[in-house]
Amino acid sequence: MKKSLWKKDLYAGLFLLPFFLAYVIFTIFPIFKGLQMSFFNWSLIEKGEFTGFSQYIALFTDIDFWQSLWNTTLFVILSTPGMIILALLLALLANLNSKLKTLFRSAYFLPSILSVSVISFLAIFILQPYNGFLNNFIQLFGIDAEPFWLSNPVLAWVSIVGVTLWWTVGFNMILFLTALQDIPDHLYEAAEIDGATRWQMFKSITLPQLIPISRVILLLQVLSSFKVFAQILLITDGGPGTSTRPLIQYIYEMGFERYDLGYAASMSYVLFFILLVLSIIQIRAGGQGGRMI
Amino acid sequence: MNKIFKLMLILPFFLFVLASCSSDSETNNNAKIELDFWTLFGGGDLSFMEEIVEEFNNSQDEIVVNMPAIRNSDYYTKLVTSVAANRGPDVAIAHTSKIPELNSRGLTEPIDDFAEEVGLDFNEFTKNLVEGTNLNGKHYGVPIDTHPFIMYVNNDLAAQAGVLDENGNIIMEETPEGYIDFLLKIKKALPDKIPLAISNAGADPFRMWWAFYFQMGGSPIYSGDLSSPDVTIDREIAIKAANYVRSLFHEHEIVPLNLADFYQDFQTGRAVTMTTGVWATGIWETTEGLDFTALPLPNLFEQKATWGDSHTLIMPIKENTTREKQLAVVKFMDFVTDRGVDWAEAGHIPAKKSVVESQEFQDLPYRSDYAKVAEYVALPNKTAYGDMSKRVFEQNLDLAWTNRESTEKVIDTLIKDLENLVKK
């Protein structure tokens, strides 16, 4: 009996080994390599001299760094509330006992399975001026306007946030939906016997029951929004000028266009540190028995 | 069950071992010299180059050139890292603008020594282009072409607008005002067409600015040492050139703002003229029903100039190469430049003078109309930062084209950013 258990563990280990190797080589090792790089003058091809903290110090006077960090933060601020509230509304809609339940569930989740390049080119196609779908649609209602969705800095943010919402809100919706279905029926039944209205039930049962999952979603959402990069690169390329360039794009430009991997690595570590602090705050704030993840 | 299970575990390892062996066994076939050739081409360019390589392989039986497919998007990153790791190709395509950077990292081999033995004579090339590959008296690349920024005219629409004379040539005075008058006349005659199609963000308006900056007699962007240059851009002229380009978008409203795809606008007959690189010639040619003329970008100011870059063949450093192999590389380079006419099909202007003068090239439609541009194209400055500064230029100039900042402020920030770029 014991022997077969040991054997089972061995088999499990063997199956895990390939992934574990890949994980060590492509994730764990680069994390430490990157930390090392951030302390050296490191070009794409060779390690230069040790620079200590000087690259970190240089960051503080780099306007482009601050601008792109602000752009990323702005994206987080703009997208996170929508990402949570809209996901909740959609989840409630998809949880209704209607005939369209399956349609709602799949329709809202469907965009999430598209790759970033597909949604970006769809967005460009829809948002382009003169013959784009959105502008033609607006003009159909007699509004004589030709908004430049991707070339005006304010509208460019609206477009990016809107596209990202449409693309990824489905994932959060699924998380909310599973939490909704986990709420025990007897709570509602008891409330019904007590004569509670639907709104009272929602306010006093549904919402409180959703708080733990909301925390998880908030944490995941903030982390992933801080990493925003690909859709902005493809839709506006950080433009007009650099007004929508997120931090990761600036890191990419520094590392792979200017071949300054050392500086790029130190910026990555600053971002890592920011995310670490935010995560700790959120997990701590989840206190009073509210375990996360 | 158990056996299948074990087999599944072992199989990947076998495959892995097999795969790592097989790459070694191919190299010794009949003692032919094998050369790896990397290019950044795609689409039409790629197939023309493939034809030339095949011709070369069939033309003799000592050298075989292999041309693996490399994705264009991160070509230079791949080239730089591979060469630095001694896994690079024997011969590769690089833009002239990129050679100083590759050179300053010690990744390229001078060619002069081998060229002499093979009989490749740099005097046979357009001087301007060879000059771009010459660093400190040595040639680090063999130019195969130049692809300048030029102008295309839709003949049918231009005739409708009344800007063609009886010979089908455009009626335009080559002055700053003359060019604008020409475009305004089109705008007036054909109000629902685009007089000039060009984007107001990114590479193309930057190229136009570059052309006019040098036409106005602007000083080189950088001077001095290759790897730690001084920024010597002429602020006043830079502003003047930016004002002129911006006036096409804003003051005169000749170019509609934020065109999503200005190539398509020209291709589908919505635009009367357009400006971009010569590579578009190949696209327009294969567009049914598009009757067009290709012309040099108008020289509106004191000097002749336009933006352009040039594809060259370079010999990356390689530790265990032999002189024999290096000579083979230069033989291949010589062959490719002689096949300039095939290459010109893509739209580029061949770099070898004899090819440009050949009847075969002169018989190609369109190309000969703009071939003279090669002599005065303003290539990017010789500096390790030439290629990297492109994004700096575009990000700053875009603010002028969208009219978000004054041109003075844009150029001042641009200069500051360029100085920061070369300081590191």
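Modeller: Happy to, and keep in mind that this is a predicted model. First, a quick stop at chain A: the unreviewed UniProt entry annotates residues 69–282 of chain A as "domain: ABC transmembrane type-1". Over that stretch the chain is 76% helix and 0% strand, and its end C-alpha atoms sit 20 Å apart.

Where they meet, 16 residues of domain 1 of chain B are in contact with 13 residues of domain 2 of chain B. On the domain 1 side, α4 (99–104) and α17 (367–370) of chain B each supply at least two of the touching residues, and α17(B) gives the largest share, three residues. By class, that side has seven nonpolar, five polar and four charged residues.

Let's zoom in on B:G88. You'll find B:G88 in the loop between α3 (75–84) and β3 (91–95) of chain B. B:G88 counts as buried because 20 other C-beta atoms lie within 10 Å, and 20 or more is what the label takes. Leaving out residues up to four places away in sequence, B:G88 touches B:L79, B:S82, B:V83, B:P316 and B:K318. As for B:L107, it is 19 residues from B:G88 in sequence, with 9.8 Å between their C-alpha atoms.

Conventions. Residues numbered from 1 in each chain as written. Chains lettered and ligands numbered in written order. Predicted model: local features only at pLDDT ≥ 70, side-chain atom pairs only at ≥ 80, totals over all residues. UniProt positions renumbered as here; feature names shortened; annotations may be inferred. Helix = DSSP H or I, 4+ residues; strand = E, 2+ residues; numbered from the N terminus. Buried ≥ 20, exposed ≤ 12 C-beta atoms within 10 Å, placed from the backbone. Contact = placed C-beta atoms within 7 Å. Nonpolar A, V, L, I, M, F, W, Y, C, P; charged D, E, K, R; others polar.
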